[in-house]
Amino acid sequence: QVQLVESGGRLVQAGDSLRLSCAASEPTFAVGWFRQAPGKEREFVAAISRYGGSTSYADSVKGRSTISRDIVKNTVSVQINSLKPEDTAVYFCAATGGLRWPPGTFDYWGKGTQVTVSS
């Protein structure tokens, strides 16, 4: 079973940039980032394919976010610039159990890291 641990979440000010990291216990296939704000459903943020050749971004962060991965270190990071109060949420990383792209079901999930953007 793949274990994922997110890090990097913290309190930041609107307009700041933040880089979140996801450390996996073993090599993974596609990895995605999701977020869930209080009272809201979990939503997709970004995803990256097995070797980083393909990426996908939600409209909410497109143009101000970059997802990348280090295959050797088994880590996936997402940077979000120009943070807004609306970006406040618990951010989760998740991995798929297969090679499908675009990714379908994400089978493994981390416990999340809190991002709070003050206005």
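Mentor: Let's begin with how open a residue is: buried means under 20% relative accessible area, exposed means over 50%, and partly exposed is in between (1.4 Å probe, protein chains only). This is a predicted model, so local features need pLDDT of at least 70 and side-chain atom pairs count only at pLDDT 80 or more, while totals for chains, interfaces and linings use all residues. Residues are numbered from 1 along each chain as its sequence is written, and side-chain values use heavy atoms, with hydrogens and water left out.

Trainee: Okay, let me try one. Is Glu43 buried, exposed or partly exposed?

Mentor: Glu43 has 34% relative accessibility, so it counts as partly exposed. Arg35 is another story: its relative accessible area is 5%, so it is buried.

Trainee: Why put those two side by side? What do the side chains of Glu43 and Arg35 form?

Mentor: Here's the general idea: side chains of opposite charge can pair when their charged atoms come close. The pairing to look for is a salt bridge, with a side-chain nitrogen of Lys or Arg within 4 Å of a carboxyl oxygen of Asp or Glu. Glu43 and Arg35 make one, at 2.6 Å from N to O.

Trainee: How many salt bridges does a search of the whole structure find?

Mentor: Three. Another joins Asp87 to Arg35, with 2.8 Å between the closest N and O atoms. That pair links distant parts of the chain, 52 residues apart: Arg35 is in strand E4 (residues 31–36), and Asp87 is in the loop between E8 and E9. The strand labels are DSSP runs of at least two residues, numbered from the N terminus.

Trainee: Next up, sulfur. How many disulfides does the structure hold?

Mentor: A disulfide is a covalent bond between the sulfur atoms of two cysteines. To spot one, look for a pair of cysteine sulfur atoms within 2.5 Å. This structure holds one, and it joins Cys22 to Cys93 with an S to S distance of 2.0 Å. Cys22 belongs to strand E3 (residues 18–24) and Cys93 to strand E9, so the bond links parts of the chain 71 residues apart. The torsion about the S-S bond of Cys22 and Cys93 is about 60 degrees, so this disulfide is right-handed. Cys22 and Cys93 are both buried.

Trainee: And rings? How many aromatic pairs are there?

Mentor: Rings of Phe, Tyr and Trp (its six-membered ring) pair if their centres lie within 6.5 Å; planes under 30 degrees apart are stacked, over 60 edge-to-face, and the rest tilted. The count here is four. One of them is Phe34 with Phe44: the centres are 5.7 Å apart and the planes at 70 degrees, so the pair is edge-to-face. Phe34 is in strand E4 and Phe44 in strand E5 (residues 43–48), so the pair ties together parts 10 residues apart in sequence. Phe34, at 9% relative accessibility, counts as buried, while Phe44, at 26%, counts as partly exposed. Phe34, Phe44, Phe106 and Trp109 form one aromatic cluster.

Trainee: Which charged end sits over the ring of Trp109?

Mentor: That of Arg42, 4.1 Å from the ring centre. Such a charge must have NZ of Lys or CZ of Arg within 6 Å of the ring centre and within 35 degrees of the ring normal. Arg50 does likewise over the ring of Tyr51, 4.6 Å from its centre.

Trainee: Last one: where does Asn74 lie?

Mentor: In the loop between strand E7 (65–70) and strand E8 (75–80). Its C-alpha atom is 7.3 Å from that of Ser25, 49 residues away along the chain.

Terms used. Helix = DSSP H or I, 4+ residues; strand = E, 2+ residues; numbered from the N terminus.
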